[in-house]
Amino acid sequence: MSAGETQPLPGMSDLCAPEVFLWQRIEDAARRVFHRYGFTEVRTPLLERLSVFTRAIGEGTDVVQKEMYTLQDRGGREIALRPEGTAGVLRFAADGGPERAEARLYYLGPMFRAERPQAGRKRQFHQIGAEALGPPAPAADAECIALQLHVLRECGLDGFALQVNTRGLPEERAAVSAGLRAALQPRAHELCEDCRRRLETNPLRTLDCKQDGCRAIVAALPPVSSFMGEASRAYLDETMRLLDRLEIPARINPLLVRGLDYYIHTVWELTHPALGAQDALAGGGRYRIEVGGRALDGVGFAIGMERLALALQAAGVTPDAAAARPRVWLAAAGAAQTSDLLVLLQALRKRGVSAGMDLSGRSMKAQMRAANRAGAPWVVIRGEAEASKGVYLLKDMAGGAQREMGLAELLQHFTAP
Ligand code: HAM
């Protein structure tokens with residue numbers, strides 16, 4: 001077998017102890033906060049019809065054009081691994097009665113994007129996301145941002161920066177495109193090749209070009225909101241005012257457009273200084289998505305779990321391995337004692353005590369080594385001498401003291417409050 005065969009695919013990772021303890025902590029914290037805000041979990045399939053994503057996310061986006069894992073199912077139908085959670089959740093929302101059009105849903109799970117892997121950028125990554133369906137309202141957007149910050153703080157993170165902008169309404173897109181095109185035209189020859197193409201197809205996309213030359217040019221553009229109507233500008237102002245009232249520091253970044261086409265009005269991104277080049281920790285916004293012949297409105301966000309775990313570790317929040325350590329390890333000499341201790345092992349576990357034992361018939365020495373490796377503070381030994389007396393030897397691994405006990409006393413020792 002070649003070395004490559006034992007490794008996951010590029011951009012994908014196995015997640016195991018001790019790091020998985022940090023992930024579980026993040027997931028528990030997120031669930032706790034979501035429930036407090038009245039959100040319930042939804043688990044949509046990892047595979048969907050390709051059109052679920054292309055229609056919601058937009059044909060012209062990088063996610064759809066370059067990053068989707070698409071395949072054909074056995075019936076020749078085009079399907080894709082989900083690159084993000086919103087499109088599938090909205091497909092689910094459209095597949096039900098009117099109550100789903102106002103649902104508050106959250107999800108945790110893997111997403112797939114065929115990007116060039118690098119630190120903080122994976123091909124299988126994980127998101128914690130939430131979608132609050134319902135009509136546009138600055139208060140709903142501010143609440144959603146507050147929820148996202150609450151989840152991050154509950155996980156133990158601070159120090160992130162919030163940037164906000166507006167995408168306006170779909171009917172304003174033509175005016176925004178025309179305004180940007182006109183403003184960019186005098187310097188079109190200085191733009192990169194991609195941006196010269198974008199100037200014709202979708203000038204908004206020039207705003208998130210990564211080339212230095214283009215960045216300098218778009219930085220001097222008037223804000224996109226200046227090409228929108230008064231109502232869209234007022235929506236952004238009201239959202240910013242509410243964030244201020246909630247004491248959430250936020251800055252308007254007039255260049256923030258986000259890479260997905262379903263957004264309307266408020267869009268935002270959270271960055272964290274510990275993340276380096278891939279500093280986007282989380283993003284979100286308000287959207288309008290047409291699915292099943294209906295237009296559904298909502299607001300939501302997604303936090304990248306790999307990046308959250310990185311930022312937490314940089315902040316000194318480390319996996320709590322102690323939680324997975326057994327409280328007691330059992331060690332038997334001989335087959336008869338092994339079966340006695342197997343019964344005790346299960347009796348302890350049924351009473352809520354985490355207990356471990358090596359059941360493969362190894363020597364007493366090897367079993368004590370296993371107890372040490374497992375980090376159990378107590379060991380229960382049963383040799384022939386103890387068996388003939390009907391007792392167990394309880395050993396304190398820290399001090400080395402040991403004492404004989406009957407079964408009832410032993411169970412009492414581990415289950416007493
Ligand atoms: P997004 O900005 O594409 O938004 O992704 C959200 C977060 O997922 C990013 O901020 C980042 O932390 C993480 N992420 C994205 N791509 C990768 C990658 N290749 N490797 C590691 N982490 C990554 C969305 O997905 C929207 N669905 C968010 C949303 C929900 N908007 C409204 N509702």
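Buried, in this report, describes a residue with under 20% relative accessible area, while exposed means over 50% and partly exposed anything in between (1.4 Å probe, protein chains only). Helices (H or I, at least four residues) and strands (E, at least two) are DSSP runs numbered from the N terminus.

What you see above is a predicted model, in which local features need pLDDT of at least 70 and side-chain atom pairs count only at pLDDT 80 or more, while totals for chains, interfaces and linings use all residues. Residues are numbered from 1 along each chain as its sequence is written, and side-chain values use heavy atoms, with hydrogens and water left out.

**Helix 12**

Let us start with helix 12, which covers residues 364-374. Its buried residues are A366, Q367, M368, A370, A371 and A374. Those buried residues pack against strand 12 (328-332), strand 14 (378-382) and strand 15 (392-396), where contact means heavy atoms within 4.5 Å. After the helix comes G375, with a positive phi near 75°.

Eight strands form an open sheet with mixed pairing, in the order 1-5-6-11-10-9-7-8; two strands pair if DSSP finds at least two bridges between them. Strand 1 (40-41) and strand 8 (251-252) stand at the edges, and each has a single partner strand, so one side of each is left without a neighbour in the sheet.

Strand 10 pairs with strand 11 in the antiparallel sense over 10 bridges, and R288 stands opposite D297 in strand 11. These two strands form a hairpin with two residues between them, and G292 in the turn has a positive phi of about 60°. Strand 10 also pairs in the antiparallel sense with strand 9 (residues 263-271), this time over seven bridges. Here Y263 stands opposite Y287 in strand 10. Strand 10 is mostly covered, with nine of its 12 residues buried.

**Around the ligand**

Strand 10 turns up again at the ligand. A residue is near a molecule or strand if one of its heavy atoms lies within 4 Å of it. There are 27 residues around the ligand, and E84, E115, K122, R258 and Y263 come nearest. Strand 10 gives the most to this shell, with seven residues.

| Residue | Part of the residue | Distance to a ligand oxygen atom |
|---|---|---|
| R113 | side chain | 2.9 Å |
| Q127 | side chain | 3.0 Å |
| A282 | backbone | 3.3 Å |

Taken alone, the ligand exposes 650 Å², and the protein buries 95% of that; accessible areas come from the Shrake-Rupley method with a 1.4 Å probe, and for residues only the protein chains shown count as cover. The elements that give two or more residues to the shell are strand 6 (124-133), strand 10 (280-291) and strand 11 (294-304).

One of the residues that come nearest to the ligand is R258. R258 sits in the loop between strand 8 and strand 9 and is buried, with a relative accessible area of 14%. Its phi is near 65°, a positive value in a residue other than glycine.

N165 lies in strand 7 (residues 161-166). Is N165 buried or exposed? N165 is buried, at 2% relative accessible area. Its side chain reaches the backbone oxygen of L256 at 2.8 Å, and a polar atom of that side chain lies 3.4 Å from the backbone oxygen of N253. Beyond its neighbours within four places in sequence, N165 is in contact with residues including V224, L236, I252 and H265.

H265 belongs to strand 9 and is buried too, with a relative accessible area of 5%. H265 has a positive phi of about 50° although it is not a glycine.

In strand 8 we find R251, which counts as partly exposed at 47% relative accessibility. The C-alpha atoms of R251 and N165 are separated by 8.6 Å, with the two residues 86 apart along the chain. Leaving aside neighbours within four places in sequence, R251 is in contact with L162, Q163, V164 and M240.

**Before helix 1**

One last stop is P18, in the segment before helix 1 (19-36). The peptide bond from A17 to P18 is cis, with omega near 0°.

Terms used:
Polar contact = N/O pair within 3.5 Å; in protein donor to acceptor, adjacent residues only side chain to side chain.
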